[in-house]
Amino acid sequence: MNEPICLLEAVNLALARALDDDPEVILFGEDIGHNGGVFRATDGLAKRFGAHRVVDTPLAENMIAGTAVGMASQGIRAVVEIQFMGFIFPALEQLIAHAARLRHRTRGRLSCPMVLRAPYGGGIHAPEHHSESTEALLAHIPGLRVVIPSSPARAYGLLLGAIRCDDPVIFLEPKRIYRASRTLVEDSGAALPIDRCFTLREGADLSLISYGAMIPECLAAADNLAERGIDSEVIDVASLNPIDYDTLLASVSKTGRAVIVHEAPGKGGVGADISAVLNEQLWGQMRAPVMRVTGLDTVMPYYRNEQHYLPGVSDILDAVDKSLEAGRNEILQATGSG
Amino acid sequence: MREAVFKTEISLTRYLRADGKPLDELPGWSHEPEPLTSYYRWMVLARQFDQKAVALQRTGQLGTYPSSLGAEAIDVVTGHLMSHEDILVPYYRDHVLQMIRGTPMRDVLLYWGGDERGNAGVGMARDLPNAVPIATQTLHAAGVAASLKYRHQPHAVVCLCGDGATSKGDFAEALNLAGVWHLPLVMIVNNNQWAISVPRHMQCAAPTLAQKALAAGIPAEQVDGNDPIALHEVIGHALQRARAGKGPCLIEALSYRLSDHTTADDASRYRAPDQLKEAWQNDPLRRLRQYLVDLGYWDESRERQCLDEAQQQIQQAVEDYLATPPEPVESMFEYLYAELPEQLRTQIEMARVRGGGDL
Ligand SMILES: Cc1ncc(C[n+]2csc(CCOP(=O)(O)OP(=O)(O)O)c2C)c(N)n1
Ligand SMILES: [Mg+2]
């Protein structure tokens, strides 16, 4: 593949590669076959690999998840799609009560190597229930891996990693940046590790920690800060369970400042989790309290007001300024002046 | 010994041929101008509204919109037969039904235009709002019906959903409960043959969707969803039964989705043009118009006048919609709790600042 591709096309490329490499990979979900998915993530795959491998199902998310558990228990690599994350709830019983625990309950005799993909997040002017970010619900569950890509290359590599993983993986696709940018992605078949952060930009003054569609916002904020002489590190968490704390702790112990950004509500969110660990591990080394920039603790508004809900570059910069300010106060206090 | 212990059949009711000619002896009421001319007027309004809504979406003035093209007869007849005290549990395609129940046309536009105020359901009494997560409303309908029964109120609940929705557990669970508890529930499936790109035969292997109710011990039947006379007979009878405490029923209304799934869909990717062309032969408006013309209740000038009136009404609603001042930002926090927790007040200020122009 020599053309630059977008995140959505990278998902398609990884799915095609997985279908090609392993006859035991099967895709199923609503409208994914003939129609190629409502976002076209599976475009052309049914035609290329056959309707027995890229399968349109009846409309039932509980069925999709539960059937995937059953297939995966037999070693089939079931890669299923939930059309929007807002419709994942009927699948939760199967994911939480079964997928997450099958190996544990059978003491290793059976496992559940399934992948459940779903587009998530706001910012595309979608109708009610089509814009939520409920990843924290899933990241909370022991046994479920939760992976979120934020670039075409990471979408390709992480999805292959998820499909080859022997655990159930929830693969959440930030649909707002499905087509945001294009890069060259080599169809090498190489997976990326699904338990590592990605340091996208190195910096000494502060760590911007995020994932999904907020990554471009963080990178834009970092550019802006660079103009002011502030050197920020940008880390894509990528895996929400488990979280690669080694990378995060190394970064924040270097910079002494962390701003965590996600579009899901702050309450009970992944940012709270990361913040807690940073505080537990780095107490004494921090130059400012960990700051969070998150979606608000209310229902995702209908699209007219969604820009008032979603964090943007200026919100990130405000939090950075607070972090820098807090550090200054501390220095002032320590030196006894002011 | 081996004997049949359960035998049944599913009937299909139809009175008019696609060209508006009677197939059978018609019910007496259908020889009168009313309610059929009213039905027709509302169906025209529904279709004109639909066209306008799609046009608004195409020009960036409305969000994703699910067209009701081909479902006009089901909605209009249901809306007229329901009493004010009956309770509607709709799905996302029932725009005109909600209008008949009292929702201002402007509010329908506001809802699909991404404004919470459009979902307030002004005028809909105890009706439930749109349900976007498929089939979830069927269980609400069972609960609403249970509350009527508990209070000994002699009214009916009407719940609508699509053919795709019948594949979800919710649907089976709702019917099952309605059977066991003998609930005053009329479940209407708008079987428009498609669930986005998935055709009816890939949704369920049974020859009818109606028969799903038989497993719940509920009477069920099919009706031609493009035939207002048949719809009137079947739905009217079901409502009377439910109100009289005679229990639930399932009505599978056979229709065809004459549009894309929504404005975000492109049905030409998965649907043969011939099938769509053929489906237009069964257009519910054409059928009723021809019937009314044959009886002398309708003609060209009435048609033109009816279209003009519909256009005026729609134009007014669109103007009101476009002139509606933007929803205040704080409204995303309003009505979330009976009383907003103090700690959330600071977030209202954050919301106001947010989105105020990026760098
Ligand atoms: C639980 C759930 N899953 C998926 C969707 C996405 N979706 C919206 S409409 C639709 C198809 C519904 O088909 P049907 O029930 O036949 O109703 P129709 O739209 O044809 O009237 C799907 C899959 C949804 N809204 N809710
Ligand atoms: Mg349908």
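In helix 4 of chain B in this predicted model, the buried residues are Met105(B), Asp107(B), Val108(B), Leu109(B), Leu110(B), Tyr111(B) and Trp112(B), where buried means under 20% relative accessible area, exposed over 50% and partly exposed in between (1.4 Å probe, protein chains only). Because 7 of the 8 residues of this helix (residues 105-112) are buried, helix 4 of chain B is largely enclosed by the rest of the structure. The cover over these buried residues includes helix 1 (36-58), helix 3 (95-100) and helix 11 (300-323) of chain B, helices (H or I, at least four residues) and strands (E, at least two) being DSSP runs numbered from the N terminus. Just after helix 4 of chain B, Gly114(B) adopts a positive phi of about 80°.

The magnesium ion (ligand 2) is coordinated at 2.0 to 2.1 Å by Asp163(B) through OD, Asn192(B) through OD1 and Trp194(B) through O; donors are N, O and S atoms within 2.8 Å of the metal (3.2 Å for Na, K and Ca), and water is not among the atoms, so sites may look incomplete. Along the chain, the donors of this ion follow the spacing D-x28-N-x1-W. Asp163(B), in the loop between strand 3 (157-162) and helix 6 (169-181) of chain B, and Trp194(B), in strand 5 (residues 194-195) of chain B, lie 31 residues apart and link distant parts of the chain. Both Asp163(B) and Trp194(B) are buried.

Between them, chain A and chain B bury about 3500 Å², of which 55% is on carbon and sulfur atoms, buried area being the accessible area (1.4 Å probe) that two parts lose on being put together, summed over both. Leu59(A), Tyr302(A) and His308(A) supply 19% of the area that chain A buries against chain B, more than any other three residues. The contact (heavy atoms within 4.5 Å) takes 45 residues from chain A and 43 residues from chain B. Across this interface 2 salt bridges are found, a salt bridge being a side-chain nitrogen of Lys or Arg within 4 Å of a carboxyl oxygen of Asp or Glu; Asp43(A) forms a salt bridge with Arg269(B), with the closest N and O atoms 3.0 Å apart.

Residues are numbered from 1 along each chain as its sequence is written, while chains are lettered from A and ligands numbered from 1 in the order in which they are written. Local features need pLDDT of at least 70 and side-chain atom pairs count only at pLDDT 80 or more, whereas totals for chains, interfaces and linings use all residues, and side-chain values use heavy atoms, with hydrogens and water left out.
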